[in-house]
Amino acid sequence: MPTQSRSSHPKTKPVVVGIYGVSGVGKSFFMNQLKMSLGEVDFIYFEGSDVIADIVDGGLPAFKKSNDEVQEQFRASAIEIISNKCRDSGKTGIVTGHYLLWDEGKECVNVCTPNDLAIYSHMLYLDMPPAVIVGRRREDIIKRRAEFSVGHLRKWQETEKKALREACQCHGILYCSLSSHLLPLGVEKLLRDFSCQNVYNNLLVALGTLDGAIVNREQLKMVVFDADRTLNAEDTGAMFWKRISLSSGQVSDDSSKTPAQAVFEGPMGYTYNAFRQVTLLHEEVLSDDDFDSVCKDVASSVTIHPEILSLLQCIAEDIHVGAVIVTCGLAKIWENVLEREGLLGKIKIIGGGRIDDGFVVTADVKEALVAHLQNEYCMEVWAFGDSPLDLKMLCKADRAVVVVGEEATRSKTMTTALMKALEAGDLKANQCLLPSSASPRLTRGMLPKIKLSDPLFIGRLLSGSTLRVKNADALNSSTTKILMTPMRDSRHNGPMLREAHRRVGEYLAIQFMSEIIGIEEYMIPHSQGKLTPGYRLLHEKQTLIVTLMRAGEAMALGVNDAFPLAIFLHAKEPEDIKPRILENIITIALVDSVINSGTTILRFIEYIRKIHATVRIVVVTGVLQAQCVAHGEEVARALASHIGLHIVTLRISKNKYKGTGGTDTGNRLFNTVHLA
């Protein structure tokens, strides 16, 4: 977590934190614990009743005999005194108090004054089980307390929490209900955060996090992505709250607002305070471990748009272009998603969700991050977003792309916001439809359409690529030597040679393709009758194995043995790969036994790139002639120009000899030497 420090930047009001709860819950005892653990250097402590007693002639007895109007005046004066002491000392105030007073069998009395709501910056509510409170009241030897039933205390708590939460939202006060998992260490963490957090410090921490994410100073461009409904179709925040609802046994009503939506659609809107409040909601409902578990569970249901996933993979392989995901939502969910896709660490994430993250992401923060990349790093910034929260970022970026999803799920207010920005001249952008069947926003003239797979678009975005070749022979391993021997043995033809090629294909797939693409975990039945983790190629069902006929078939079958869920296709010419076959494909393996000049494989690659500019292509071959990858060679330059291309080979040969007749690999594989 980035380091926070108390800033001298002026605040609109001092930090004053209320510790509230029903009578007998233990507020005074709890505050004394805090005084011991937090100390008095940065914090100042007040018993609300003691401050009132100090300003009323005759103390609390006289105060209690006063009428309601006089009591309210004293309460208002007390909190004002507290505020002034906090401002003068520069310390964070911690104050015990009540929102409601409610004797059993009588009407409840609201003792909160307008001054309270104007002065408090934060409110923490001690939410103890009513039965525990009853026991504490009975055991209190310092103060004589009336007998309250568990039912009455429960009703008091629920009424007070609901009314206090609503009042806090209306007046911009950050609220958190304290249950057992936050006591006591969690509260200390919250209070330390409250004492130093403000809009100014929030931005400093966010910028520092971005600085820490930039490790490659050679990057000339940075692509900034929003997360929810930009990278994917779903709102992971809504999925998060639905998962919590299900785990708590509550019936989820899809039409009802989540707690986060209630905050954003309430008086706070989409302000800094609103995002801070939602962070406190996360702290309130889940411990750290439970939060991580829910985020991981939600991430398992998140699917990145294939077009954007391909683009992210290409960016991850380009040394001159970087990418960062800047999310107003839960960073932890997207960390899990990127980890599953093998992109965590390659694509950076800027986001919050917990107090320990140190900051929240707002529309202003997104804009500031883009400006920071432009001004401090002299980067050209491309931005992708989908909602009004992204508009400032899109306007600030050098190039902007509005991601447009299905009408049923996309932002309802974005069209109006876009229109205003375009008419004001603040925004110049394109739109991409994901999925392609989605209806566009505005007109093509106002917001021109692009396709993320368009080679011209990709060419403008990415700087080019260096040719990536994995040569098994370079490992100098015993496995490689054993595998290549039967392929070179002139006595091995027909089935024996085909089996040798199959084994090489399987080895190259397992050894290198899995490293390039990544693997995923799934559950399999164990021989002992239980489930145990198994592993397979990442997006195996969205992998296409293309065997270049006819010599590549045996090796391609070996690749298919390693990845049995992949699609298998025979191709003599590039046109045998129909465009519809490439729909939703993430990786293509082009397999041939030998690559001589490289012109054939280049034709296949160029054909595929015309259809899909960012799909990952892995060329798998037993023998690769060195001239294909030699620096300065025409074919090598052409291959290197293609983004997202990898070549995997058992060995690289400097021998330019091309087999014919009896030495042709295809004839040897299929016992057709006599026909040559």
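**Entry 1: strands S9 and S10**

I began with S9 and S10, which run parallel and are joined by four bridges. Strands here are DSSP E runs of at least two residues and helices are H or I runs of at least four, numbered from the N terminus; two strands pair if DSSP finds at least two bridges between them. This is a predicted model, so I kept in mind that local features need pLDDT of at least 70 and side-chain atom pairs count only at pLDDT 80 or more, while totals for chains, interfaces and linings use all residues. Residues are numbered from 1 along each chain as its sequence is written, and side-chain values use heavy atoms, with hydrogens and water left out.

I looked up two facing pairs: Leu-330 is opposite Gly-352 in S10, and Val-324 is opposite Lys-348 in S10. Next I asked why strand S10 (residues 348-352) counts as largely enclosed by the rest of the structure. (Buried means under 20% relative accessible area, exposed over 50%, partly exposed in between, with a 1.4 Å probe and protein chains only.) From S9 the chain passes through helix H15 (residues 331-340) to reach S10, a right-handed β-α-β crossover. Right-handed means that, with the strands pointing away from the viewer, the path from the first strand over the helix to the second runs clockwise.

**Entry 2: the six-stranded sheet**

I then followed the whole sheet: six strands in the order S10-S9-S8-S11-S12-S13, open, with parallel pairing. S10 and S13 are its edge strands, and each pairs on one side only. On average, neighbouring strands are turned by 20° against each other, direction ignored. Axes are lines fitted to C-alpha atoms, for helices over the stretch in contact, and angles run from 0 to 180 degrees between N-to-C directions.

Helix H14 (residues 306-316) packs on this sheet and touches strand S8 (221-225), S9 and S11, at about 150° to the direction of S8. Contact here means heavy atoms within 4.5 Å.

Val-402 has Gln-431 in S13 as its bridge partner. Helix H18 (residues 414-423) carries the chain from S12 to S13, and this crossover is right-handed. Strand S13 (residues 429-433) has four of five residues buried, so it too is largely enclosed by the rest of the structure.

**Entry 3: the five-stranded sheet**

My next stop was an open sheet of five strands, ordered S2-S3-S1-S6-S7 and paired in parallel. Strand S2 (43-47) and strand S7 (174-178) each have a single partner strand, so one side of each is left without a neighbour in the sheet. The twist averages 20° from one strand to the next.

Strand S6 (residues 122-126) pairs with S7 through five bridges, in the parallel sense. In that pairing, which residue of S7 stands opposite Tyr-125? I found Ser-177 there. Helix H12 (residues 272-285) packs on the sheet, touching S6 and S7, and its direction makes about 5° with that of S7. Helix H8 (residues 185-196) lies across strand S1 (16-20), S2, strand S3 (92-97), S6 and S7, running at about 170° to S6.

**Entry 4: nonpolar cores**

A nonpolar core is a set of buried Ala, Val, Leu, Ile, Met, Phe, Trp, Tyr and Cys residues joined through side-chain atoms within 4.5 Å. The largest has 155 residues, and Leu-124, Leu-191, Phe-225 and Phe-240 have the most contacts inside it. Strand S9 (residues 321-330) gives the most to this core, with seven residues. Leaving out residues up to four places away in sequence, I noted what Phe-240 touches, including His-282, Phe-291, Leu-330 and Ile-333. A second, separate core has 28 residues, among them Met-513, Ile-516, Leu-538 and Met-555.

**Entry 5: two single residues**

Leu-461 lies in helix H19 (residues 455-461). Is Leu-461 buried or exposed? Leu-461 counts as buried, at 0% relative accessibility. Leu-461 and Val-223 are 238 residues apart in sequence, yet 8.6 Å apart in space, C-alpha to C-alpha.

Ser-387 lies in the loop between strand S11 (380-385) and helix H17 (391-396). Ser-387 is buried as well, with a relative accessible area of 15%. Beyond four places away in sequence, Ser-387 touches Ser-411 and Met-414.

**Entry 6: the whole chain**

Last, I looked up the totals. The protein chain has 25 helices and 21 strands, and 52% of its 676 residues count as buried.
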